[in-house]
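Subject: Structure handover

Hello,

Here is the structure you will be working with. Please open it and keep it beside you while you read my notes.

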Amino acid sequence: MDPNYIKPFVVAVKRVFETMITVPFSLGKPTLKKGSEVPHEISGIIGLSGNVSGSVVISLTQEVAFQLASNLIGDEINELDEVCTDAIGEIANMIAGNAKTDFPSNDNAISVPSVVIGKHKVSYPSGIPIITIPCSTDKGGIVIEVALKVKT
């Protein structure tokens with residue numbers, strides 16, 4: 001997988017976390033994922049279609065979801081309710097929008113992100129490697145999973 005298609009999402013996460021929701025975080029080393037189970041119980045899933053197709057998943061713990069949602073709306077969130085879920089969806093949407101500005105290909109559509117809660121798997125397109133990038137905040141872990149295929 002071409003790193004030029006992964007980098008916009010990593011940069012977008014960094015940009016959104018640091019400037020829009022002011023949550024410091026650190027990036028870990030990317031690895032190749034085995035299996036389809038998502039590491040945390042909450043995921044924002046961004047779909048892509050067009051010249052590049054696949055999914056980008058932002059997977060996070062409940063504690064991190066509360067932290068991000070609280071910082072986004074400016075009020076304490078400590079329940080996984082509709083307000084928290086909507087906030088996570090909005091953060092995933094901001095990440096998608098930021099990534100689109102730096103994306104190397106123009107003939108693409110990026111879906112409105114969906115949020116999944118609970119133990120789950122993501123149906124990635126078959127035959128596409130999944131790159132996993134672990135990240136951390138002071139409240140816990142986040143994982144960015146990128147599975148994209150460029151049409152030839």
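Start with Lys-14. Lys-14 makes a salt bridge with Glu-18, and their closest N and O atoms are 2.8 Å apart. (A salt bridge here is a side-chain nitrogen of Lys or Arg within 4 Å of a carboxyl oxygen of Asp or Glu.) Both residues sit in helix H1, residues 3-20. They are 4 residues apart, about one turn of the helix. (Helices are DSSP runs of H or I with at least four residues, strands are runs of E with at least two, and both are numbered from the N terminus.) Lys-14 is partly exposed, at 38% relative accessibility. Glu-18 is also partly exposed, at 40%. (Buried means under 20% relative accessible area, exposed means over 50%, and partly exposed is in between, with a 1.4 Å probe and protein chains only.)

Before you go on, note that this is a predicted model: local features need pLDDT of at least 70, side-chain atom pairs count only at pLDDT 80 or more, and totals for chains, interfaces and linings use all residues. Residues are numbered from 1 along each chain as its sequence is written, and side-chain values use heavy atoms, with hydrogens and water left out.

The whole structure has 4 salt bridges. One of them joins Glu-145 and Lys-33, with the closest N and O atoms 2.6 Å apart. Glu-145 is in strand E8 (residues 140-150), and Lys-33 is in the loop between strand E2 (31-32) and strand E3 (42-50), so the pair ties together parts 112 residues apart in sequence. Are these two residues buried or exposed? Glu-145 and Lys-33 are both buried.

Another salt bridge pairs Glu-37 with Lys-119, at 3.3 Å between the closest N and O atoms. This pair also links distant parts of the chain, 82 residues apart. Glu-37 is in the loop between E2 and E3. Lys-119 is in the loop between strand E6 (114-117) and strand E7 (131-137). Glu-37 is partly exposed, at 39%. Lys-119 is exposed, at 74%.

Cysteines

How many disulfides does the search find? The count is 0. (A disulfide is counted when two cysteine sulfur atoms are within 2.5 Å.) The sulfur of Cys-84 is 18 Å from the closest cysteine sulfur, in Cys-135, so a bond is ruled out by distance. Cys-84 is buried, with a relative accessible area of 0%. Cys-135 is buried too, at 6%.

The cavity

There is 1 cavity of 30 Å³ or more. (On a 1 Å grid over the protein atoms alone, a cavity is a set of points where a 1.4 Å probe fits but cannot get out; lining residues have an atom within 4 Å of a point. Points are joined across faces, edges and corners, and the volume is the space filled by probe spheres set on them.) The largest cavity holds about 30 Å³. Its lining is Gly-44, Ile-58, Leu-60, Leu-68, Ile-88, Ile-91 and Ala-92. Which element gives the largest share of that lining? Helix H3 does, with 3 residues. H3 spans 82-102, and strand E4 (52-60) also supplies at least two lining residues. The lining has 6 nonpolar residues, 1 polar and no charged. (Ala, Val, Leu, Ile, Met, Phe, Trp, Tyr, Cys and Pro count as nonpolar; Asp, Glu, Lys and Arg as charged; the others, Gly among them, as polar.)

Thr-22 is in the loop between H1 and strand E1 (26-27). Thr-22 is exposed, at 54%.

Best wishes

Technical notes: 1 Å grid on protein atoms, 1.4 Å probe; cavity = no way out; pocket = protein on both sides within 12 Å on 5 of 7 lines; lining within 4 Å.
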